[in-house]
Amino acid sequence: MSERPLTDHPEFDDAPPPEAPRIHRFRREPLLPEAGAGGAPLTAVIAVISFLAVLSMASVLIINKSASEWTAELRSEITVQVKGVDAEEIAAGAAAAMRILNETEGVIEAMEMDRDDTAALLEPWLGKDNAAAFVNIPAIIEVKVTPGLRADLDLLRTRLAAAAPNASLDDHAAWHSRLSTAARSGQMFAFAVFLIILGAACAISIFAARAGLAANHEIVSVLHLVGATDEFIASEVQRRFFVLGLRGALAGLVVALAALGTAALSLKSGIGTDSFLPQFSIGGWMVLWLFAVPLATCLVTALTARLTVLKALQEQY
Amino acid sequence: MSANKAIVEFEEAGFAYSDEAETLSDINLRLHEGEFRFLTGPSGAGKTTLLKMIYLAHKPTRGHFRLFGEDTAGAPRDALPPLRRRIGVVFQEFRLLDHLTAFDNVALPMKVAGINQNQYREDVSELLNWVGLGHRMNAKPPTLSGGEQQRVALARALVSKPDLILADEPTGNVDPAMSERIMKLFIELNKLGAAVIVATHNLHLVQSLGKPVLRIADGRVSHSAGAGGAG
């Protein structure tokens with residue numbers, strides 16, 4: 001057709017006089033109605049999914065942080081145990097071991113535990129106040145070492161064996177290994193839960209996108225007939241789902257952060273700061289990870305909806 | 001025979017809904033650039049079905065159909081939207097989107113074509129003013145009368161300056177004066193180069209304008225020259 005303006009031809013001479021200028025609200029109307037694309041129920045479901053996803057990701061991060069702190073502490077310490085038939089032999093062995101330890105490069109600090117403290121450690125097996133009656137309670141020496149010495153303890157073992165034959169060195173390797181395995185298992189479990197939750201977000205998106213498409217059959221048909229491509233329609237749906245998903249995901253994040261904060265405060269007040277357990281705290285880069293979770297949730301939601309719509313359009317139209 | 005290119009071509013085409021007998025059979029039809037046809041026939045004869053095949057809502061179940069020279073049966077899926085954008089359709093049931101304003105309904109073909117609003121805002125406003133709805137740009141279809149909805153549908157069909165205009169009973173819900181203006185508009189647009197097919201029951205309109213007529217009866221399409229008037 002001619003490139004002249006549409007109304008620039010004789011027929012339009014008959015047109016009624018132009019209307020008084022009126023203001024049109026030139027805002028971007030979504031081509032798919034909000035309610036048809038899932039609306040509030042979808043936002044609520046995504047909020048719940050996001051809440052659970054943030055909690056599971058927080059579990060991954062907290063387990064990782066705790067395991068790192070535990071293993072770091074274990075890796076910086078070794079324990080020397082000196083046995084003997086009586087207190088004198090044990091004391092002589094402990095003194096020899098202390099001398100070797102203090103001479104060894106890489107030993108930051110060596111400290112022999114008080115006999116009463118050592119006896120207290122045995123109370124669970126020997127009964128309260130019974131341990132003190134034993135004369136051959138081993139001497140325990142806690143040793144803080146540098147990473148360099150920790151990496152190669154063979155020479156120290158040899159020297160200890162020569163100076164104090166009844167001394168044995170425990171590098172906590174077994175503990176460290178078990179703790180690492182437990183932490184890894186915990187992390188994998190929490191991450192698996194996280195993936196399952198994202199899978200649930202995908203499933204919900206597929207369901208909502210298909211339902212939305214069915215509810216908006218007439219609109220989609222008209223869009224096709226005026227020349228819309230499948231990509232265009234899918235982009236409209238994706239945009240809608242991204243907005244709904246973002247709203248829900250942020251709501252879920254806020255509630256999850258509040259829950260985590262409450263839990264952290266409760267634990268802190270309950271177990272104090274000197275506990276064997278590391279502090280349950282979230283900050284710095286952990287928060288960034290947690291903020292990434294709702295973003296991932298709404299991206300998964302939007303992309304799943306897009307792919308679902310593209311597939312459905314190929315099947316149905 | 002017109003020297004212009006054929007833009008709609010049916011050869012031995014037929015169409016059947018599911019496994020039923022053919023609604024339309026043995027269609028042999030050519031429409032060239034710049035041609036005007038009325039499409040008449042009794043209710044249920046298949047006028048709307050023929051138009052649906054032309055605007056690619058239905059595929060012929062047999063025979064060949066070419067639109068703007070493209071064999072649509074063999075065309076990949078993504079080749080169809082550009083063809084549809086070259087057609088302006090005034091649907092019998094209007095098919096306006098209820099959640100959009102009159103302005104946004106008219107602008108729909110431009111939006112799906114990815115055209116910036118600044119480029120079509122004036123055309124859309126002007127068209128709506130011309131059809132007498134300049135004061136209802138922000139109104140949504142459920143608040144418009146049948147005649148007003150029909151005028152919005154008309155504006156939507158014309159806004160992209162299509163090469164082919166298909167109108168299914170475009171004057172069914174408007175008063176005689178507006179009917180006359182709409183038909184004069186189609187004729188003017190036809191003079192500007194657009195091919196036009198108008199399906200109508202209004203035989204008085206058909207006779208008064210004297211344009212060639214396609215008649216559908218018993219599932220078959222026949223041609224006849226228009227009576228009277230300029231062709």
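**View 1. Contacts within chain B.** Of the chain B contacts (heavy atoms within 4.5 Å) between residues at least 6 apart in sequence, 67% join residues at least 24 apart. This is a predicted model in which local features need pLDDT of at least 70 and side-chain atom pairs count only at pLDDT 80 or more, while totals for chains, interfaces and linings use all residues. Residues are numbered from 1 along each chain as its sequence is written, chains are lettered from A and ligands numbered from 1 in the order in which they are written, and side-chain values use heavy atoms, with hydrogens and water left out.

**View 2. Fold and surface of chain B.** Of its 231 residues, 58% are buried (under 20% relative accessible area, 1.4 Å probe, protein chains only). Chain B exposes about 9200 Å² (Shrake-Rupley method, 1.4 Å probe), with 48% supplied by carbon and sulfur atoms.

**View 3. Fold and surface of chain A.** Chain A contains nine helices and four strands, in the order α-β-α-β-α-β-α-α-β-α-α-α-α along the sequence. Buried residues account for 40% of its 317 residues. Carbon and sulfur atoms hold 65% of the accessible surface of about 16900 Å².

**View 4. Helix H3 of chain A at A:Asp117.** A:Asp117 lies in helix H3 (residues 115–126) of chain A. Its relative accessibility is 43%, and A:Asp117 therefore counts as partly exposed (between 20% and 50%).

Definitions and conventions:
Helix = DSSP H or I, 4+ residues; strand = E, 2+ residues; numbered from the N terminus.
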